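Biologist: I have a new model on the screen and would like to learn how to read it. Could you take me through it feature by feature?

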Amino acid sequence: MKPLIAPSILAADFANLQSEVEMLNRSEADWLHVDVMDGRFVPNISFGFPVMEAIQRFAKKPMDVHLMIVEPEQYITRFREAGADVITVHLEACRHLHRTIQQIKACGAKAGVALNPHSPVSGLEDIIADLDLVLVMSVNPGFGGQKFIPNTYRKLETLKELVLARNSSALIEVDGGVNEENAPLLLQKGADVLVAGSFVFSAADPEQTIADLKSVSLK
Ligand code: DX5
Ligand code: ZN
C-alpha cells in the first residue's frame, strides 16, 4: 500500500503561502501538515489561527494539524473552525488525554496523539483503540530540518504490534527528518503517513519530490 504523504507547511515560504498551497494542491500530497507551536510546550513559536485560516482558503486537501502546545483542550473547537481535519495533541501535554480525544471527535475531526522521542509506546495502551492516528516524533519537536533519530524504527515496530493487538484503526504517522533514504524502512516498520518538511520544500522540484516519496516502496 502506498503511504500518505503530508508535507509540512512549516518549511514553506510564508511570504508566498498561496502559491505553496496551490503547489501542494497540484501535487500527490495527501494531507497538509500544519505545525502549531506555542513557545511553551516547545522552545519555538510558529503560527496560529490567522495563518491557518489563510491556508484553509486555498487548501483542497485535508489539514493535518499537529498541536505542539500546552493545554490544547482549550482550543480544539477553534482549530476545527480554522479548518483542521485531523487534530493531534501531545501525550506529554495532556493531563486528561481521554477527555481531550473525545472532545476532538465530538467536533467532527479525526483524533491523533503524538509521542516525543522519549515517550514509550506503552503510554498509549489504554487509549489506542480510541485513536484515528498516532504521530511518532522522529526528532524533538520544535524545529524543522533536524536529524532523524534511528530509535524510531524500533518504536514503530512496538507501536504496530500494539495497533494490531488492540484491533485499532489508528494510522501511524512519522514526523521529523523524513527523506527518501529512511522512508522505505519506515514503511516496512509500519508507517502509514510520512510527514516531510525540509526534504520537500528545500528540493529543487518540491512537486516531484512529493511524487518520489509517494512512490517509495517497502525495503
Ligand atoms: C517539528 C515538526 C515537524 C517538522 C518536520 O517539530 O513537528 O512537522 O516540520 O520538518 P522536517 O521534515 O524538516 O524534519
Ligand atoms: Zn509536525
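Biologist: Let me pick a residue. Where is Arg40 found?

Modeller: Arg40 is found in the loop between β2 and α2. Keep in mind that this is a predicted model.

Biologist: Is Arg40 buried or exposed?

Modeller: Look at relative accessibility. Over 50% means exposed. Arg40 has 62%, so Arg40 counts as exposed.

Biologist: How far apart are the C-alpha atoms of Arg40 and Val70?

Modeller: They are separated by 6.7 Å. Along the chain, Arg40 and Val70 are 30 residues apart.

Biologist: Now the sheet. What is the order of its strands?

Modeller: The order is β1-β8-β7-β6-β5-β4-β3-β2. The sheet is open, has eight strands and pairs in the parallel sense. β1 (4-7) and β2 (32-37) are the edge strands, and each pairs on one side only. From one strand to the next, the twist averages 25°.

Biologist: How many bridges pair β2 and β3?

Modeller: Six bridges, in the parallel sense. Asp35 has His66 in β3 as its bridge partner. Next, β3 (residues 63-68) is joined to β4 (residues 84-90) by five bridges, again parallel. There, Leu67 stands opposite Val89 in β4.

Biologist: And the faces of a strand? Which residues of β2 lie on one side, and which on the other?

Modeller: Start with the general rule. Side chains in a regular strand alternate between the two faces of the sheet. In β2, Leu32, Val34 and Val36 are on one side, while His33, Asp35 and Met37 are on the other. Both faces are covered, and these residues are all buried.

Biologist: Why is β2 called largely enclosed by the rest of the structure?

Modeller: Because six of the six residues of β2 are buried.

Biologist: Which strands does helix α2 lie across?

Modeller: α2 (residues 49-58) lies across β2, β3 and β4. Its direction is at about 170° to β3.

Biologist: On to the metal. Which residues are the protein donors of the zinc ion (ligand 2)?

Modeller: Find the donor atoms, then check the distances. The protein donors are His33 (NE2), Asp35 (OD), His66 (ND1) and Asp175 (OD). They lie 2.0 to 2.3 Å from the zinc ion. Along the chain, the donors of this ion follow the spacing H-x1-D-x30-H-x108-D. One pair links distant parts of the chain: His33 in strand β2 and Asp175 in strand β7 (residues 171-175) are 142 residues apart.

Biologist: Why is the arrangement around the zinc ion (ligand 2) octahedral?

Modeller: Compare the angles with the ideal. Six octahedral donors ideally give 90 or 180 degrees. Here the six donor atoms subtend angles of 70 to 171°, which makes the arrangement octahedral.

Biologist: Are His33 and Asp175 buried or exposed?

Modeller: Under 20% means buried. His33 has 0% relative accessibility, so His33 counts as buried. Asp175 is buried too, with a relative accessible area of 8%.

Biologist: Let us turn to helix packing. Which residues of α1 are buried?

Modeller: In α1 (residues 17-26) they are Leu17, Glu20, Val21, Met23, Leu24 and Asn25. These buried residues pack against β1, β2, α2, α7 (198-201) and α8 (206-214).

Biologist: At what angle do the axes of α1 and α8 cross?

Modeller: They cross at roughly 40° and come within 10 Å. The crossing is right-handed. Met23, Leu24 and Arg26 of α1 make the contact with Pro206, Glu207 and Ile210 of α8.

Biologist: Backbone angles next. Which value of phi does Glu71 have?

Modeller: Phi of Glu71 is positive, about 45°, although Glu71 is not a glycine. Glu71 is found in the loop between β3 and α3 (76-81). Asn167 also has a positive phi, near 55°. Asn167 lies in the loop between α5 (152-165) and β7. Its relative accessible area is 72%, so Asn167 is exposed.

Biologist: One last residue. Where is Phe148 found, and what is Phe148 in contact with?

Modeller: Phe148 is found in the loop between β6 (133-137) and α5. At 12% relative accessibility, Phe148 counts as buried. Leaving aside neighbours within four places in sequence, its contacts include Ser138, Val139, Tyr153 and Leu186.

How values were computed
Residues are numbered from 1 along each chain as its sequence is written. Chains are lettered from A and ligands numbered from 1 in the order in which they are written. This is a predicted model: local features need pLDDT of at least 70, side-chain atom pairs count only at pLDDT 80 or more; totals for chains, interfaces and linings use all residues. Side-chain values use heavy atoms; hydrogens and water are left out. Two strands pair if DSSP finds at least two bridges between them. Helices (H or I, at least four residues) and strands (E, at least two) are DSSP runs, numbered from the N terminus. Axes are lines fitted to C-alpha atoms, for helices over the stretch in contact, and angles run from 0 to 180 degrees between N-to-C directions. Contact means heavy atoms within 4.5 Å. Donors are N, O and S atoms within 2.8 Å of the metal (3.2 Å for Na, K and Ca); water is not among the atoms, so sites may look incomplete. Four donors count as tetrahedral if all angles lie between 85 and 135 degrees; four count as square planar and six as octahedral if opposite donors are over 155 degrees apart and all others between 65 and 115; anything else is irregular. Buried means under 20% relative accessible area, exposed over 50%, partly exposed in between (1.4 Å probe, protein chains only). A crossing is left-handed if the near helix is turned anticlockwise from the far one by less than a right angle, and right-handed if clockwise.
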